[in-house]
Amino acid sequence: TAVALMVADPRSLRSSAQIVRSTRVACQGGRPVVGVGRRRAMVAGLAGVAAGLSAGRVSWAEETAAQNNLESMEALKGKGYGKSRMKFSDYIQSPTGLQYTDLRVGGGRPASEGDECIVDWSGYTIGYYGRPFEARDKAKGGDFTGDEKELFRFVLGDGKVIPGFEEAVRGMKEGGIRRFIVPVELGYPNNDMKKKGPKPTTFSGKRALGFVLENQGMIDKTLLFDVELIKVKPTGK
């Protein structure tokens, strides 16, 4: 049984500004429909999944899906089929299943455990039409128009941001920009954006992300982030 779903291809999105312009194009042209076997299966990071289970972050359904190289979807639990995980050969994949690429390598201080990281970020529901839920470099146009948003701050290692976000920022250098793809088991716990950051700063963004996370049907909850590391501040932790 094949399941067809709409996805966006991050390789065609070369910059944060272009992502905002390209999301509509990505879901209308290019390669929008993905069926079972149409993409190479993602090599699951089972050790990372096991660690997540021991910390209570990963559900049994998410673990099973990861082992079978399928996306975890509520409507397909226990079915033995579904949408194969996306893997992009030009991205680096970590043992946990996180995929990332550096759009710009920074030249400043690297982010280490205990440091306060100040970042600007973008977020997209790459598994579902590539819809933006946060825009970097100030939003432009549509419901995202508004004043300059505040930069996002968090302490690396304090567990207040989703695992995939924290893993991706660790080791980045000030001034760098990294794009990374977060599978569901490294994303928002129990698909609830209220439990950990980063959170969308606009009503439109919250609606876009909430629709995907809270959906109990056949929606791929894989997320894509662009993060610019603005400043690293040692905290002495």
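**Space inside the model**

Tutor: The largest cavity holds about 40 Å³ of space. A cavity here is a set of points, on a 1 Å grid over the protein atoms alone, where a 1.4 Å probe fits but cannot get out; grid points are joined across faces, edges and corners, and the volume is the space filled by probe spheres set on the points. This is a predicted model, where local features need pLDDT of at least 70 and side-chain atom pairs count only at pLDDT 80 or more, while totals for chains, interfaces and linings use all residues. Residues are numbered from 1 along each chain as its sequence is written, and side-chain values use heavy atoms, with hydrogens and water left out.

Student: How many nonpolar residues are in the lining of the largest cavity?

Tutor: Lining residues have an atom within 4 Å of a point, and here they include Val182, Tyr188 and Lys221. Ala, Val, Leu, Ile, Met, Phe, Trp, Tyr, Cys and Pro count as nonpolar, Asp, Glu, Lys and Arg as charged, and the others, Gly among them, as polar. By class, the lining has 1 charged, 2 polar and 6 nonpolar residues.

Student: What pLDDT does the protein chain average?

Tutor: pLDDT is the predictor's confidence in each residue, from 0 to 100. In the protein chain, 61% of the residues score at least 70, and the average is 75.

Student: What share of the 237 residues in the protein chain is buried?

Tutor: Buried means under 20% relative accessible area, exposed over 50%, and partly exposed in between, using a 1.4 Å probe and protein chains only. By that cut-off, the buried share of the 237 residues is 54%.

Methods. On a 1 Å grid over the protein atoms alone, a cavity is a set of points where a 1.4 Å probe fits but cannot get out, and a pocket is an open set with protein on both sides within 12 Å along at least five of seven lines; lining residues have an atom within 4 Å of a point.
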